[in-house]
Amino acid sequence: MIRTENLTKVFRTDEVETSALSDVTFEVKPGEFVAVMGPSGCGKSTLLNILGLLDNPTDGKYLFLDHEVSDYSEKQRARLRKENIGFVFQNFNLIDELNVYENVELPLIYLGMKSSERKERVEEVLENMKISHRKKHFPLQLSGGQQQRVAVARAVVANPKLILADEPTGNLDSAHGEEVMNMLESLNQSGTTLIIVTHSQRDAEYAQRVVRLFDGQIINENIKGKVNTVKI
Amino acid sequence: MFKNYLTTTIRNLIRQKGYSIINILGLSIGLAAFILIVLFVRHELSYDRFHENANRIYRVCIDGMVAGDPLNVAVSAPPAGPAMIREYPEIIAQTRIKEMPQTVLFNYQGKKFYQDGLLFVDSSFFKIFSFNLLRGNPTAALVEPYSLVLTETTAIKYFGSEDPIGKMIKMNDKSEFRVTGIVADPPSNAHFGFKVLASFSTMIKQNGAEAYENWGTLSLHTYVLLAKGVDPKLLNQRFPDLYLKYMTDLKEMDNIRFEPYLQPITRIHLHSHLMAEIEPNSDIAYIYTFMAIAAFILLIACINFMNLSTARSVKRSKEVGLRKVVGATRNHLILQFIGESALISLISTAFALLIVELLLPVFNHVLDQSLTLTIFTNGQNFLSLLLLALIVGLMAGSYPAFYLSAFRPIRVLKGTLRKGNKKSTTRNLLVIVQFTISIFLIICTGIIYYQLTYLRHKKLGFDKSHMVIVPLRGERLLKNAEYLKSQFKQLSIVENLATSRFVPGRDMDGTGYIPEGYDDNNPVIFFTNTVGFDYLETMQMEMVEGRAFSKEYATDSMAIIVNETLVKKMGWDQPIGKKIVGFVDTIEVERHVIGVVKDFHFRSLHAVVEPTVMFITHNNARNLNIRLKAGNYAQQIETLREKWEQMEGALPFDYYFLDEDFDSQYQADQRLGELFIYFTLIAIFIACLGLFGLASYNAEQRTREIGIRKVLGSSVEGIILLLSRQFSLWIVIANIIAWPLAWLFLNRWLANFAYRIHLANYWYIFILAALITLFIAYITVVYQAIKAALANPVQALKYE
């Protein structure tokens with residue numbers, strides 16, 4: 001599903017050059033649940049953005065569904081993105097002006113789906129996420145856990161092959177966090193590939209594999225129960 | 001998808017009430033101003049186009065030379081029109097128009113009115129012009145002498161519900177006229193209006209045909225209708241021969257030249273600035289000026305919209321980023337934002353229409369117009385308005401749309417989007433444009449005001465205040481002039497009085513003379529006023545040399561007084577005693593100069609002082625000029641009226657104040673000035689609205705910075721200074737751009753006046769404009785700055 005080779009990302013400002021990722025090589029197979037961990041500033045989010053086709057790498061290869069996408073234009077990436085990837089963010093990132101239903105509906109609109117089909121699909125997802133009683137509410141009227149459930153609903157509504165979650169429980173208390181993680185786990189069990197970035201060991205334990213990043217490099221891959229140390 | 005955009009737009013508008021109000025209010029006012037000006041401009045451009053044959057109607061004007069001076073007049077010789085019909089088959093109809101310079105006394109069965117707006121016209125009047133004849137026969141109504149065609153309003157005034165056709169009206173207590181037709185009131189977009197039309201054959205019957213055979217007098221307006229497909233230029237080339245054929249003695253006068261040419265009727269109102277226009281015209285330059293102002297105001301309103309939209313971009317950026325993350329392309333977003341601004345523009349247009357509807361009466365009053373909003377009755381106008389709304393939406397929305405849609409999603413979502421001031425070069429530039437326009441308008445308003453004040457207060461060479469003019473109409477009053485004068489003179493309120501043919505501010509005739517040292521065949525034209533004794537004293541004109549008329553000199557009936565300009569032009573060192581030969585009905589009359597009067601302005605200060613002569617006659621006393629002592633005008637007029645009624649009770653007492661009448665010549669300038677003030681205020685208001693929005697945005701953006709600065713010890717004043725410094729710089733730059741533009745424009749405008757202020761003396765208006773804009777901007781900004789500066793720093797820091 002995903003394969004990177006020597007992925008590198010360098011941020012340049014006028015005078016300073018910061019290397020956020022260097023020579024990251026790893027693979028995610030379809031149906032896998034991978035957690036990316038590491039201290040603040042280690043490049044987790046940068047990696048996730050590149051994997052999510054929100055950004056281009058500075059160097060290296062990135063094969064997404066067998067497409068070499070590292071030099072795709074924003075337009076090409078946008079197409080791949082909307083058809084294949086769903087996002088969940090730490091701070092939910094719902095559009096405040098749209099209500100729950102409309103927020104979840106948005107990806108389908110951009111896919112050009114007919115209104116009746118959309119309605120059916122959105123209702124179904126809201127039902128699954130146990131949030132349909134709140135569909136007329138606006139994000140600011142919801143609790144954090146509810147907002148994140150809406151965000152997850154929005155991420156899955158278009159049936160993406162891959163879901164990327166950036167600290168999905170970071171802004172939630174433990175009860176709500178667990179609820180969201182259970183939800184993600186069940187999505188994975190029904191076949192969706194899942195990559196989450198997290199600080200939380202508890203969240204990471206849901207994953208089949210943990211990738212540890214430090215200063216932009218993978219230092220350790222941990223498949224449940226067994227530790228592989230990668231040479232630096 | 002459209003529904004989704006619409007809901008986002010509307011919810012955004014509701015959530016951000018402040019911005020929405022500023023946007024919609026600014027755009028509504030801007031659009032309202034624009035619509036008002038367009039209504040006016042369209043009306044001005046429509047002049048004389050209602051005539052069915054508008055593109056084939058021409059006025060015969062004369063381009064010529066008299067005594068070496070160029071002469072360009074809107075009038076032509078009485079025999080010219082009929083001769084053209086005879087000589088050129090391409091001209092299929094002509095009508096001459098003779099306007100009565102003064103009101104005439106109409107009497108219908110004891111109902112007496114001083115009737116204005118009387119024109120004597122040829123019978124083909126209705127063949128040429130498409131004025132709507134409601135009753136009567138268009139080809140026959142004005143054939144017979146003593147025929148009258150009344151406008152609807154005039155007919156009602158005299159006859160009420162009676163049928164006017166065939167009724168007799170007595171003019172000036174002398175001749176009886178028969179009403180032969182009723183015509184609809186002429187539309188306001190005709191370059192001349194009228195209330196009564198009388199047959200030209202009446203004049204021929206009264207004065208004899210010979211009176212209208214002189215090719216040397218230019219006294220009538222002549223209009224012709226050309227056959228289809230005739231090129232007026234080819235006709236123009238043949239006209240000089242016409243004069244040579246009919247005015248054979250022209251050949252011998254080598255410094256006189258008359259060359260008729262055809263002027264399209266549709267160009268008269270805005271492009272014609274000849275002498276002896278039938279009515280004062282407007283000027284295309286005014287139209288351009290107003291259109292520019294309209295465009296400016298709309299631009300300012302659009303800039304507000306752009307600035308506020310882009311300034312708010314941080315707030316909208318999250319939405320942009322998310323929409324992109326879930327699959328929106330840039331085109332989707334551009335479409336969304338342009339659609340959004342189109343919607344706002346449509347809402348604003350609806351409000352603008354409301355504002356126009358409310359302001360139209362005021363606007364009409366200032367412009368002396370009767371413009372109406374025809375949006376709802378005219379499909380084409382409705383569509384153009386819709387188009388305007390969409391264009392404005394596109395204009396205002398395109399920049400924000402491209403700007404906002406270009407956000408990169410990760411930067412937005414990570415919160416690393418550059419905030420606030422750094423990326424605001426375009427915004428700053430747009431604010432500078434707004435203030436440049438405002439400053440330009442302020443300076444123009446100031447200078448126009450000073451020029452108008454100058455016109456009103458410039459010494460005219462006579463004193464126009466405390467002067468009441470009583471027109472004397474009809475044979476009886478003309479004969480009684482001396483008696484009336486002596487009776488009024490006994491009143492204690494009267495300081496002085498005298499009769500005269502002409503009154504300042506109204507037209508004065510030019511007549512041919514042969515001054516001493518000039519050849520018999522080359523008459524020179526001098527403006528001529530015939531006056532009674534005491535005229536110069538009454539008007540308080542000043543003598544430079546010699547003396548005024550006096551009853552003590554029996555010879556003064558053969559005396560003439562000239563003005564300084566005439567002396568200069570003749571090059572006389574010793575003007576007193578010089579001989580000037582004039583003509584009374586082709587009989588030569590020799591007069592001698594007894595005095596030189598200081599130049600006085602008989603016409604408006606748009607025109608230069610022409611060589612002028614005055615002499616005494618008693619049979620031409622058309623006006624009684626009365627100088628009142630200082631006192632209560634209303635009471636004094638009552639006293640005059642009582643006296644009048646004792647003497648001439650059968651006739652209504654009619655009068656006007658000279659200063660008001662004279663100043664009414666500057667009405668068009670006055671209107672321009674007033675409109676400039678109104679539209680300048682609107683422009684400044686809209687610009688400030690935008691600045692207010694921008695300032696509040698700025699303060700909001702810098703909340704954290706302000707908090708940190710305050711924690712580090714900055715004072716409230718320091719913060720205010722910090723926030724207002726940037727705006728001051730913009731305004732200084734705007735001034736630097738606006739000054740030369742205003743200077744150039746005003747120099748051109750002032751060139752229209754023969755007498756004008758010197759722009760350089762009014763340099764302080766420019767400085768004042770700078771101070772005013774700085775002050776207004778400062779007030780606007782400082783409110784936000786103080787709010788930000790006084791806030792508790794902890795709140796500011798929590799903001800992140």
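Helices, taken here as DSSP runs of H or I with at least four residues, are numbered from the N terminus, and by this count Arg11(B) lies in helix 1 (residues 2–15) of chain B. The structure is a predicted model, in which local features need pLDDT of at least 70 and side-chain atom pairs count only at pLDDT 80 or more, while totals for chains, interfaces and linings use all residues. Residues are numbered from 1 along each chain as its sequence is written, chains are lettered from A in the order in which they are written, and side-chain values use heavy atoms, with hydrogens and water left out.

The contact between the two chains (heavy atoms within 4.5 Å) draws 23 residues from chain A and 24 residues from chain B. The size of an interface is often given as the accessible area lost when the parts come together; here the buried area, which is the accessible area (1.4 Å probe) lost by two parts on being put together and summed over both, is about 2500 Å², with carbon and sulfur atoms giving 57%.

Across this interface one salt bridge is found (a side-chain nitrogen of Lys or Arg within 4 Å of a carboxyl oxygen of Asp or Glu). It joins Glu102(A) to Arg11(B), whose closest N and O atoms are 2.4 Å apart. On the side of chain A that touches chain B, helix 2 (74–84) and helix 3 (100–111) each supply at least two residues, and helix 3 gives the most, with five residues. Arg11(B) also touches Glu97(A), Leu98(A), Asn99(A) and Phe138(A), among others, when residues up to four places away in sequence are not counted.

Over all chains, the structure holds 25 salt bridges. One of these salt bridges joins the side chains of Lys119(A) and Glu123(A), at 3.7 Å from N to O; because these residues are four apart in helix 4 (residues 115–128) of chain A, Lys119(A) and Glu123(A) are separated by about one helical turn.

On chain B, a nonpolar patch on the surface is formed by Leu346(B), Phe376(B), Phe382(B), Leu383(B), Leu386(B) and Leu390(B), with about 570 Å² of accessible area together. Such a patch is made of residues with over 30% relative accessible area and no salt bridge, nonpolar side chains (Val, Leu, Ile, Met, Phe, Trp, Tyr) being joined within 5 Å, and accessible areas come from the Shrake-Rupley method with a 1.4 Å probe, only the protein chains shown counting as cover for residues. Helix 12 (residues 379–405) of chain B gives the most to the patch, with four residues, and Leu390(B) is found in this helix.

Note on methods. Patches are made of residues with over 30% relative accessible area and no salt bridge: like charges are joined within 9 Å, nonpolar side chains (Val, Leu, Ile, Met, Phe, Trp, Tyr) within 5 Å.
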